[in-house]
Structure formats: C-alpha cells, structure tokens
Amino acid sequence: MSPDPLSNPFQTKAPTLKVAIVCAGPVDCLRKIQNLAVGSNYQVIAVDGGYDTIAKTGLRPVFTIGDFDSTEYDIEEIRYNSEDVIELNKNKDKTDFEEALEEAFYRGFTTISVFGILGGKRIDFELSNLLILSKYATLDRRIRVYSEDGKQVLELMTQGQEFCIDNIKHIDLSKTISVIPIKDSDVTIAGMEYDYSGKIEMSSSLTMSNKGMDGGSIKINSGLVYIYYSLRD
C-alpha cells in the first residue's frame with residue numbers, strides 16, 4: 001500500500017535526510033550531483049534510465065526504481081551496483097518518478113533535489129513531473145528542480161516558507177528571479193527591484209522576471225509557488 005503523501009507517520013530510515021533524485025532526462029551536471037553526494041552528504045536515488053547517469057558518477061544509489069524500459073543496463077548489473085532495487089510493473093497507474101517520490105517520502109527525506117525531469121523529448125512528462133511534485137510540498141520539506149546544466153533552479157515553496165536570497169549559495173543576481181504560482185497564492189516580495197505584496201492568480205504572469213538584491217526575500221503567505229532563479233558557474 002502506498003504511503004499517504006499528506007502525512008508522515010513513518011520513522012525515517014535514512015541516515016541523512018537529503019537526497020538527489022536522478023531521472024532519465026538529459027543531465028549535464030554530473031559534478032554537481034557528485035558534490036551533493038560527497039560534499040553535502042546527499043544520498044542518491046536513480047529512477048529507471050536515471051541509473052545510466054548515476055553510473056557515470058561512480059555513486060551507488062540508495063535505491064534504483066523503475067520498470068527499466070529506458071535504461072541501457074541489465075537489471076542484474078543494476079542490482080549489483082545499487083543498495084536496493086524496486087522493480088515496477090510496466091502496467092501501472094503512476095509514473096516511475098511518482099513512485100520514486102513516494103518511496104523517498106516514506107524513507108523520510110526532507111531535502112530533495114531533482115535532476116533529469118526537464119529538457120527531455122516529451123513535454124507531457126515535464127509538465128506532469130512538475131505538477132506531481134506540488135503535492136509533496138510541506139512546511140518542513142525543501143524541493144528543488146535543476147535544469148540539464150544544473151544552473152537554473154525551480155524551488156517549490158508553500159504557505160509559511162520564505163525564500164531568502166542571502167541563504168542561496170552561488171545565486172546569480174545578474175539573472176532574473178520569477179515567482180510562478182501553481183495555484184492562487186499570496187506573497188510578499190521585499191528588497192528586490194520590484195517589491196510586491198498581495199495575491200497572484202495561477203494564470204498570472206505578474207511576478208515574472210524580477211531582479212534580486214542582497215537581503216531580498218519572498219514570503220509565501222498562502223498557496224503554492226515555484227521560485228525560479230539561476231546559479232553562477
């Protein structure tokens with residue numbers, strides 16, 4: 001039985017609460033994944049063809065999950081090089097990525113970095129993956145989605161959370177920062193080129209393409225948003 005994504009009755013099984021989930025889409029930032037695993041104590045989850053990316057890093061996934069229709073590797077080799085393997089039926093009601101999220105949630109991970117869900121061949125999967133993530137947003141969880149090159153970030157934030165520029169390592173303040181509402185929301189944007197406090201509708205582009213400054217912040221008073229920003233090289 002799948003865990004309820006709206007509550008967490010389970011004791012964490014993870015020695016670290018941080019994880020990088022690597023999916024089958026294009027990933028050209030292997031060093032960033034390695035740095036997270038080695039330098040910041042992230043565990044790694046490989047989702048189906050995402051194992052092919054992880055295999056290039058020399059890292060060992062805490063688990064590899066999928067129906068394995070998009071990997072070039074034999075299942076026995078994947079089993080040998082993963083701490084755990086969860087093999088899914090090809091006929092299922094959830095994508096490999098959603099199944100991976102549920103398992104990551106069950107294991108107690110609260111800081112989640114996602115690679116390989118943007119820039120693929122199918123935009124339906126891109127959109128689905130970004131929306132699936134929205135149901136896992138909670139006050140005590142941080143979720144970031146990285147672009148193929150690892151330089152652009154979508155950070156999912158929910159009511160009560162605050163995005164503080166000074167807390168983001170290597171943020172590129174020469175690039176734009178956008179607030180993209182996933183549902184009708186209320187935000188307070190302060191200390192930026194365009195300050196704003198009030199409601200933003202899901203269909204609105206009101207809070208796109210702002211410019212950040214040291215000390216700037218975005219507080220989510222209600223609702224759910226993605227905050228887009230860029231990182232320096």
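1. Two strands pair if DSSP finds at least two bridges between them. Strands (E, at least two residues) and helices (H or I, at least four) are DSSP runs, numbered from the N terminus. By that rule, Val22 stands opposite Ala46 in E2.

2. Ground rules for this predicted model: local features need pLDDT of at least 70, side-chain atom pairs count only at pLDDT 80 or more, and totals for chains, interfaces and linings use all residues. Residues are numbered from 1 along each chain as its sequence is written, and side-chain values use heavy atoms, with hydrogens and water left out.

3. Strand E1 has partners in E2 and E5. With E2 (residues 43-47) the run is parallel, over four bridges. With E5 the pairing is also parallel, over five bridges. Ile21 has Val114 of E5 as its bridge partner. Four of the five residues of E1 are buried (under 20% relative accessible area; exposed is over 50%, partly exposed in between; 1.4 Å probe, protein chains only). E1 is therefore largely enclosed by the rest of the structure.

4. E1, H1 and E2 form a right-handed β-α-β unit. Right-handed has this sense: with the strands pointing away from the viewer, the path from the first strand over the helix to the second runs clockwise.

5. H1 packs on helix H2 (residues 50-57) at about 75°, with the axes 10 Å apart. That makes the two helices roughly perpendicular, a class covering 65 to 115 degrees; under 35 is roughly parallel, over 145 roughly antiparallel, the rest oblique. Axes are lines fitted to C-alpha atoms, for helices over the stretch in contact, and angles run from 0 to 180 degrees between N-to-C directions. Leu30, Ile33 and Gln34 of H1 meet Thr53, Ile54, Lys56 and Thr57 of H2. Contact means heavy atoms within 4.5 Å.

6. Check Val27. This residue sits in the loop between E1 (18-22) and H1 (30-39). Val27 is buried, at 17% relative accessible area. Beyond its neighbours within four places in sequence, Val27 touches Ile33, Thr53, Phe115, Gly116 and Glu148. The C-alpha atoms of Val27 and Thr53 are 7.2 Å apart, though 26 residues separate them along the chain.

7. The whole structure holds four aromatic pairs (Phe, Tyr and six-membered Trp rings, centres within 6.5 Å). In one of them, Phe115 and Tyr146 have ring centres 4.8 Å apart and planes at 5°, so they are stacked. Stacked means planes under 30 degrees apart; over 60 is edge-to-face, the rest tilted. Phe115 lies in E5 (residues 111-115) and Tyr146 in E6 (residues 142-146), 31 residues apart. Phe115 is buried at 1%, and Tyr146 at 9%.
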